[in-house]
Amino acid sequence: MKKIILILLISFLLPLSIFAAPFGLKMGMTLDEITEACNGSKPIYVENDCYQIYPAKTHPLFKQYAVFVDSEHGLYCIKAVSDEISTNDYGTEIKNAFAEIEGRISKTYGKPRIIDELSSDYFAKSEQYWVSQLADGARTYAAIWESSPKNKLNDDLDCVYIYTNAQRFPRSGWIILEYDFNNMQSVKDAQDNVF
């Protein structure tokens, strides 16, 4: 009887563990495993190691999802991009959406390092030009959660970050969420071996 209960518990917990990581995806997954985690929806090849996916677990803010899969090391990065966010010159709606998603991710990974910097040589310093600053690449607006010896991130993650991008006409922007797994450095090292 104890064996049957143990088998039932294991079979019940195994499917849950598949979906414990970001969007139900884990470091090192193959394309076949990603297909299974995406309810049978096959990844669509984009370029290099990048594939567009439709994960089983999604967030309403994010509409586009991509994974980066190496033939030897498997899944090493996930990116999610929000829908276009219409905003005013001050970027209020982008900042609000950013704060919401940053707060939710913080519940899982703790407090991030926030980067809100404007290039010192940019001609328009006023907050009134926030979207233009972002669109021109003069402003960085991001949150970063990094794994360290004192603070190991869950789910085999090396780094999680969200950052923003914008365009002037129409005034709008996007939030990009990226999960970098611990095997990403191995992929980069293998790619750098050609030099």
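Trainee: How many residues does helix α3 have, and what span does it reach?

Mentor: A helix can be checked by its span, at 1.5 Å a residue. Keep in mind that this is a predicted model. Helix α3 covers residues 92–109, which makes 18 residues, and it reaches 25 Å from its first C-alpha to its last, close to the expected 26 Å.

Trainee: Which residues of α3 are buried?

Mentor: Buried means under 20% relative accessible area. In α3 that goes for Ile-94, Ala-97, Phe-98, Ile-101, Glu-102, Ile-105, Ser-106 and Tyr-109.

Trainee: Now the rings. How many aromatic pairs are there in the whole structure?

Mentor: A search turns up nine. To sort a pair, look at the angle between the planes: over 60 degrees is edge-to-face, under 30 is stacked, and the rest are tilted. Take Phe-68 and Tyr-76: their ring centres are 6.3 Å apart and their planes sit at 50°, so this pair is tilted. Phe-68 is buried at 19% relative accessible area, and Tyr-76 is buried at 8%.

Trainee: And what kind of pair do Trp-130 and Tyr-141 make?

Mentor: Their planes are at 85° and their centres 5.2 Å apart, so that one is edge-to-face. The pair links distant parts of the chain, with Trp-130 in helix α4 and Tyr-141 in strand β7, eleven residues apart. Trp-130 counts as buried at 0% relative accessibility, and Tyr-141 is buried too, at 13%. There's also an aromatic cluster, formed by Phe-23, Tyr-65, Tyr-109 and Tyr-179.

Trainee: Where is Glu-178, and is it buried or exposed?

Mentor: Glu-178 belongs to strand β9, residues 172–181. With a relative accessible area of 4%, Glu-178 is buried. Next, check for partners. The side chain of Glu-178 makes a polar contact with the side chain of Lys-79, at 3.4 Å. Along the chain these two are 99 residues apart, yet their C-alpha atoms are separated by 4.5 Å. Other residues in contact with Glu-178 include Cys-77, Tyr-161 and Met-184.

Trainee: One last thing: how many disulfides are there?

Mentor: Two cysteine sulfur atoms have to lie within 2.5 Å to count. Here the count is zero. For Cys-50, the nearest cysteine sulfur is that of Cys-77, 8.7 Å away, and Cys-50 is in no disulfide. Cys-50 still counts as buried, at 11% relative accessibility.

Methods
Residues numbered from 1 in each chain as written. Predicted model: local features only at pLDDT ≥ 70, side-chain atom pairs only at ≥ 80, totals over all residues. Heavy atoms only, no water. Buried < 20%, exposed > 50% of the residue type's maximum accessible area, 1.4 Å probe, protein only. Helix = DSSP H or I, 4+ residues; strand = E, 2+ residues; numbered from the N terminus. Contact = heavy atoms within 4.5 Å. Polar contact = N/O pair within 3.5 Å; in protein donor to acceptor, adjacent residues only side chain to side chain. Expected span 1.5 Å × (residues − 1). Phe/Tyr/Trp six-rings, centres within 6.5 Å; stacked < 30°, edge-to-face > 60°. Lists of a residue's contacts leave out its neighbours within four places in sequence.
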